[in-house]
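Subject: Structure for your review

Dear colleague,

Please find below the structure that I am handing over to you.

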Amino acid sequence: MTGIIIVSFLILQVLVVSSSQTAPPDFNFFYWVNYWPGAICDSQKGCCPPPTRGNKSPDFMIHGLWPQFINGTWPAFCDQTNLFDISKISDLVSKMEKKWTEWGVWVCPSNETNLWEHEWNKHGTCVQSVFDQHSYFNTNLKFRQKINFLSILKQKGIKPNDGFYGLNEIKNAIKCAIGFAPGIECNEDVEGNKQLFQIYICLDNYTKEFVECPYVPDKSCTSTIKFPKSPEKDSLGEHLSVMASVSTT
């Protein structure tokens with residue numbers, strides 16, 4: 001009888017340990033994406049700066065952290081029962097207003113809360129095996145604190161001056177800084193020139209380390225691309241007639 005009790009106890013322990021272990025993420029890696037505001041303003045003949053911008057010069061802004069499958073697809077809008085709740089990130093808002101703001105919006109004034117809500121509802125709800133809402137946004141901020149793309153590029157002589165630079169030149173500058181080549185997404189300015197829009201960095205599915213990107217969106221670029229100027233305050237349009245591409249991804 002004692003032996004039966006011991007065996008039963010051991011089985012119960014195994015069941016408890018197994019049930020307490022978190023299932024691994026069912027996606028393969030993350031894209032961490034940042035965008036250049038000048039590429040939005042230049043492509044739309046005007047844009048709407050965030051109210052919290054003040055007189056600070058524009059910088060690369062966080063777009064989001066996106067789970068990806070190895071086959072080129074991705075999960076989206078995975079949980080309608082845990083939608084964005086700004087009260088869960090109230091201590092992060094002041095930092096997010098500096099590093100995760102919305103330049104392309106439906107109307108002015110811009111509202112970065114719309115971007116944050118979209119990013120959690122579309123992408124964050126699919127990574128709850130790794131993050132809750134607070135840790136999802138905080139992880140983005142930690143990486144943004146660690147990586148300053150504008151500084152990295154400027155150190156290699158690549159500046160937002162409407163000049164044209166080699167796509168590989170841009171990728172190699174970032175690779176030298178982080179150890180892995182990024183993906184570069186381009187859009188077009190009003191004259192049809194391909195220009196630097198977004199930078200994609202790949203992370204493992206726990207965001208513990210940078211990894212080689214299985215695939216990248218470089219097909220939207222040409223071998224030489226424009227790095228548009230920082231948008232000047234007096235050239236910014238007051239209203240947009242179309243939705244910015246950064247709000248829909």
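A residue counts as buried when its relative accessible area is under 20%. Tyr-200 has a relative accessibility of 6%, and therefore counts as buried. Please keep in mind that the model is a predicted one.

Overall architecture

The protein chain contains seven helices and six strands. Read from the N terminus, these elements follow the order α-β-α-β-α-α-α-α-β-α-β-β-β. Of the 249 residues in the chain, 48% are buried. The accessible surface comes to about 12400 Å², and carbon and sulfur atoms account for 54% of that area. Among contacts between residues at least 6 apart in sequence, 79% join residues at least 24 apart.

Nonpolar cores

The largest nonpolar core has 52 residues. Those with the most contacts inside this core are Trp-32, Phe-60, Phe-137, Leu-153, Ile-174, Ile-184 and Phe-227. Leaving aside residues up to four places away in sequence, Phe-227 touches residues including Trp-36, Phe-60, Leu-153, Pro-160, Tyr-165 and Leu-196. Another core, of eight residues, lies apart from the largest one; Phe-29, Cys-202, Val-211 and Cys-213 are among its members.

Helix H4

Helix H4 spans residues 112-122 and is mostly covered, with eight of its 11 residues buried. Among these buried residues are Leu-115, Trp-116, His-118 and Trp-120. Which elements cover the buried residues of H4? The cover includes strand S2 (61-68), helix H3 (93-99) and helix H5 (133-146).

Aromatic pairs

A search of the whole structure finds 19 aromatic pairs. In one of them, the ring centres of Trp-66 and Tyr-200 are 5.9 Å apart and the planes stand at 80°, so this pair is edge-to-face. The pair links distant parts of the chain, since Trp-66 belongs to strand S2 and Tyr-200 to strand S5 (residues 194-204), 134 residues apart. Trp-66 has a relative accessible area of 5%, so this residue is buried.

The rings of Trp-120 and Tyr-136 also pair: their centres are 5.5 Å apart and their planes lie at 70°, which means that this pair is edge-to-face. Trp-120 is in helix H4 and Tyr-136 in helix H5, 16 residues apart. Trp-120 is buried at a relative accessible area of 0%, and Tyr-136 is buried with a value of 0%. Both residues belong to one aromatic cluster, which includes Phe-27, Phe-84, Trp-100 and Phe-137.

Yours sincerely,
A colleague

Methods: Residues numbered from 1 in each chain as written. Predicted model: local features only at pLDDT ≥ 70, side-chain atom pairs only at ≥ 80, totals over all residues. Heavy atoms only, no water. Core = buried A, V, L, I, M, F, W, Y, C linked by side-chain atoms within 4.5 Å. Buried < 20%, exposed > 50% of the residue type's maximum accessible area, 1.4 Å probe, protein only. Contact = heavy atoms within 4.5 Å. Helix = DSSP H or I, 4+ residues; strand = E, 2+ residues; numbered from the N terminus. Areas by Shrake-Rupley, 256 points an atom, 1.4 Å probe, with all protein chains shown as cover. Phe/Tyr/Trp six-rings, centres within 6.5 Å; stacked < 30°, edge-to-face > 60°.
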